[in-house]
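Please look through the model shown here before reading on.

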Amino acid sequence: MKNIIYCSSACSENRFMKLFKGTSAVRGQAAQKYNRLLAEGLAYQPDCTVVMISEMPVDERNHPGRLIGRHREKKNKVSYVYLPLINTHRVKDIVSVLTSFLECMRYVRKEGKSVIIADILCAPVALGGYVAARISRIPYVAVVTDLPEFVYGKKDRAYDTVSRIVMESASRYVFLTEQMNDRINDEGRPCAVVEGMADARSAQGTEDRVSRETAPRILLYTGNLNRKYGVGKLVEAYIKAEIPDTQLHIAGAGDMAEDIRKLAGEHENVVYCGLVDPDEAERMQKEAYLLINPRPSEAEYTRYSFPSKTIEYMASGTPVLMTDLPGVPEEYKEYVYLIKDESTEGIAKALKDVLAGPASELEEKGEKARRFVMENKNNRLQAEKVSVMLE
């Protein structure tokens, strides 16, 4: 029996939506989904139990409460323990270190032989779990979905330091890309590469998708609208391409949001949809004609990055046009259309080339991508790699 104690900020889907209903100041949705799906995948492995010790992803900007009590729930075989919080900057972190440590120790004593897995970017609970693992002399597995140096600025040096310490001191790893293993794991400690996951419970099949033959020609981007992700260049390229009978829809929030809102006001074929919840994003993805991810590939961080929207897009069954990111394994690339020239002109040409193809070709491309991720990259199969690594 593997008793897994998983430290992160992950919540069940219902609790996450309840926490952030009516607010746009939501952080870490990609990490939420990754950790939740991995935990659920592990819980479905033979002889595995999973307890999620969660520091809920609330702060003073997105949640009005100052005192949040301890809660528990069980969803999809995962037992969630939501730590009590004092929702004040820094005080919350100190409390989370202490309470995560105590909860981990309590479960180790209750269940006996255990392993602690922690999202190193959720620094307070990762540190609490690390101390508990050292005292209990049990394995500590670091989940590394991004490198601290690419996440934290100068004002977050404490988080950066803690994340680095627990990452470098781990006995085993779950990495997002092979390049992470090459860079961090020079001692050759046991590891598993889990670049992303589709939800095995999802029935994202063809029955609830619009056919490419009859669908409005809506090109869609959903996700983070920060400038570094290339959304501004995508809009410029689309306007330059002048593709008739199409619209570009953009959904999300970030530092480009107001610029995109302005461009949408100036161009009737550009539509800014604002921030949408995950269910709405999934519906939009299934109904779109083409999904686009213009993230630039030249930045160093892309070597250590696998955008969560890659699998999310592919699982929708809608064809995908994306840049040739170095952190995305080659096995994915035959199932998507690739942008080879990332200049504004190059993206415009890629859009025109893909949309010039017959709708039946796009339909086939999207369906092959959906089958690939659902049959090979669902969270139960991906978690099996982690379970084997823990043996």
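The questions and answers below concern a predicted model.

Q: What is the radius of gyration of the protein, and which length of chain does the globule rule take into account?
A: The model is predicted, and its chain is folded into 15 helices and 16 strands. The globule rule gives 21 Å for 391 residues, and the value computed for the protein is close to that, so the protein is as compact as a globular protein of that length. The length taken into account is 391 residues, and the radius of gyration is 21 Å.

Q: What share of the contacts in the protein with a separation of 6 or more comes from residues 24 or more positions apart?
A: The C-alpha atoms fill a box of roughly 65 × 40 × 40 Å along the principal axes, and buried residues make up 56% of the 391 residues. Among contacts with a separation of 6 or more, the share that joins residues 24 or more positions apart is 73%.

Q: How far apart do the centres of the positive and negative side chains lie?
A: The accessible surface of the protein comes to about 17200 Å², and carbon and sulfur atoms account for 49% of it. As for charge, the protein carries 55 positive and 56 negative side chains, and the centres of these two sets are separated by 6 Å.

Q: Which residues have the most contacts inside the largest nonpolar core?
A: In soluble globular proteins, nonpolar side chains tend to be buried together. Here the largest nonpolar core holds 124 residues. The residues with the most contacts inside the core are Val144, Ile250 and Leu351.

Q: Is isoleucine 120 buried or exposed?
A: Isoleucine 120 sits in the loop between strand E7 (115-119) and helix H4 (123-136). Beyond four places in sequence, isoleucine 120 touches Ala126, Ala142, Val143, Val144, Asp146, Pro148, Ser163, Val166 and Met167. Its relative accessible area is 0%, and since buried means under 20%, isoleucine 120 is buried.

Q: How far apart in space are tyrosine 173 and tyrosine 140, C-alpha to C-alpha?
A: Tyrosine 173 belongs to strand E9 (residues 172-175) and is buried, with a relative accessible area of 1%. Its contacts, leaving aside neighbours within four places in sequence, include Val141, Ala142 and Val144, as well as Met389. Tyrosine 173 and tyrosine 140 are 33 residues apart in sequence, and their C-alpha atoms are separated in space by 8.5 Å.

Q: Which residues of helix H10 are buried?
A: Helix H10 spans residues 278-287. Its buried residues pack against strand E11 (218-222), strand E12 (247-251), strand E13 (270-274), strand E14 (290-293) and helix H11 (308-315).

Q: Where does aspartate 47 lie?
A: Phi of aspartate 47 is near 55°, a positive value in a residue other than glycine. With a relative accessibility of 53%, aspartate 47 counts as exposed, because the cut-off for that class is over 50%. Aspartate 47 lies in the loop between helix H2 (29-43) and strand E2 (48-54).

Q: What is the relative accessible area of asparagine 76?
A: Asparagine 76 is found in the loop between strand E4 (71-75) and strand E5 (78-82), and it has a positive phi of about 50° although it is not a glycine. Asparagine 76 is classed as partly exposed, its relative accessible area being 27%.

Q: What distance separates the C-alpha atoms of valine 97 and alanine 257?
A: Valine 97 is placed in helix H3 (residues 91-111) and is partly exposed, with a relative accessible area of 25%. Leaving aside neighbours within four places in sequence, valine 97 is in contact with Pro124, Leu127 and Gly128. Alanine 257 is 160 residues away from valine 97 along the chain, and the distance between their C-alpha atoms is 35 Å.

Notes. Residues are numbered from 1 along each chain as its sequence is written. This is a predicted model: local features need pLDDT of at least 70, side-chain atom pairs count only at pLDDT 80 or more; totals for chains, interfaces and linings use all residues. Side-chain values use heavy atoms; hydrogens and water are left out. Helices (H or I, at least four residues) and strands (E, at least two) are DSSP runs, numbered from the N terminus. The radius of gyration is taken over C-alpha atoms; the globule rule is 2.2 Å times the number of residues to the power 0.38. Buried means under 20% relative accessible area, exposed over 50%, partly exposed in between (1.4 Å probe, protein chains only). Contact means heavy atoms within 4.5 Å. Accessible areas come from the Shrake-Rupley method with a 1.4 Å probe; for residues, only the protein chains shown count as cover. Lys and Arg count as positive and Asp and Glu as negative; His and the chain ends are not counted. The place of a charge is taken as NZ of Lys, CZ of Arg, CG of Asp or CD of Glu. A nonpolar core is a set of buried Ala, Val, Leu, Ile, Met, Phe, Trp, Tyr and Cys residues joined through side-chain atoms within 4.5 Å.
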